[in-house]
Amino acid sequence: MSASSPFPSGLDRAATVTRLRAAGCVFAEDEARLLISAARTPAALAAMVDRRAAGQPLEHVLGWAEFCGLRIAVDPGVFVPRRRTEFLVRRAAALVRRAAAPARQDTARQDTARPRAVVVDLCCGSGAVGVALAAALGQVELYAADIDPAAVRCARRNVAAAGGRVYRGDLYGPLPAPLRGRVDILAANVPYVPSGDVGLLPPEARAHEPRVALDGGADGLDVLRRVAAGAPSWLAPGGHLLTETSERQAPLAAETVGGGGLIPRVAHSSRLNATVIIGTRPRGQGE
């Protein structure tokens, strides 16, 4: 460490690694590096290590999570964005770029501004998905919503930097009515853990994340059913609903999305162990 560091060279790092390893942290060395870099004083470091050793998620202790190369603020009690959800962001961004390719050609000919993609981050938690999409695509028209007040407070800090708005309420309920029929990407990272399996989740999730962000009902698809039923009236023709699920649930989740009037398909990333259902509103439907 530099001479200006408040920590004795090497000593606090070794002690921190030992403490974290004893608490069962698999990546103790990496976590120690992050905690030491975040702490302003030895006392602050000790308090942070105590919180982590007691089982609090590292992201809650640090106050941020890395997601799609961004630092997303994550307050205590707010759902921590998962690395596997980056797959959903990448698929959504690819869909927007593909749809924009003909528009770019038309824009070049007409010398007019290309309209921004309209993105809604439903069940937004910290707002990580919407913020990452805005970063990947450049300017977007971004809206986010969540029912949990702690999540909404946290998301507003993140989404404001992307020029978006965050609303508190149940699914589509708080969204501005003029959005109906205009949404290009509806990213809904809904809870999908079956109620009976919530108790099997790691303690970090069970004890420190809101159950409303985890529990998807008896088969894990209760919230998705409601999202899928409402999606066609909010999506623009050719717009897409993207939602994460487990590989085991994917066939029934795809059927659920299709039953709502969208054309479903399943995308899977073996590297991230991520499964995403993409539902597309047919063109010509309501045009």
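The model is a predicted one, in which local features need pLDDT of at least 70 and side-chain atom pairs count only at pLDDT 80 or more, while totals for chains, interfaces and linings use all residues. Residues are numbered from 1 along each chain as its sequence is written, and side-chain values use heavy atoms, with hydrogens and water left out.

The protein contains 10 helices and 9 strands, where helices (H or I, at least four residues) and strands (E, at least two) are DSSP runs numbered from the N terminus. Its radius of gyration of 21 Å is close to the 19 Å that the globule rule gives for 287 residues, so the protein is as compact as a globular protein of that length. Here the radius is taken over C-alpha atoms, and the rule is 2.2 Å times the number of residues to the power 0.38. Taken along the principal axes, the C-alpha atoms fill a box of roughly 65 × 50 × 35 Å. Of the 287 residues, 49% count as buried; buried means under 20% relative accessible area, exposed over 50% and partly exposed in between, with a 1.4 Å probe and protein chains only. The areas themselves come from the Shrake-Rupley method with a 1.4 Å probe, and for residues only the protein chains shown count as cover.

Turning to charged pairs, the structure holds 13 salt bridges, each being a side-chain nitrogen of Lys or Arg within 4 Å of a carboxyl oxygen of Asp or Glu. One of them joins Arg182 to Glu141, at 3.0 Å from N to O. This pair links distant parts of the chain, with Arg182 in the loop between β5 and β6 (183–188) and Glu141 in strand β4 (residues 140–146), 41 residues apart. Arg182 is partly exposed at 34% relative accessible area, whereas Glu141 is buried at 17%.

Asp170 bridges to Arg226, with the closest N and O atoms 2.4 Å apart. Distant parts of the chain are linked here too: Asp170 belongs to the loop between β5 and β6 and Arg226 to helix α9 (residues 222–234), 56 residues apart. Both partners are partly exposed, Asp170 at 36% relative accessibility and Arg226 at 44%. Elsewhere, salt bridges that share partners join Glu31, Arg52 and Glu204 into one network.

On the surface, Arg153, Arg156, Arg165 and Arg168 gather in a patch of positive charge. Such patches are made of residues with over 30% relative accessible area and no salt bridge, like charges being joined within 9 Å and nonpolar side chains (Val, Leu, Ile, Met, Phe, Trp, Tyr) within 5 Å. Lys and Arg count as positive and Asp and Glu as negative, with His and the chain ends not counted; the place of a charge is NZ of Lys, CZ of Arg, CG of Asp or CD of Glu. Helix α7 (149–160) and strand β5 (165–168) each supply at least two residues of the patch. Arg153 sits in helix α7 and counts as exposed, at 54% relative accessibility.

Finally, the backbone has two features worth a look. Most residues other than glycine have a negative phi. Cys68, however, has a positive phi of about 55°; this residue lies in the loop between β1 (64–67) and β2 (70–73) and is partly exposed at 29% relative accessible area. Cys123 likewise has a positive phi of about 55°. Its place is the loop between β3 (117–122) and α6 (128–137), where Cys123 is partly exposed at 22% relative accessibility.
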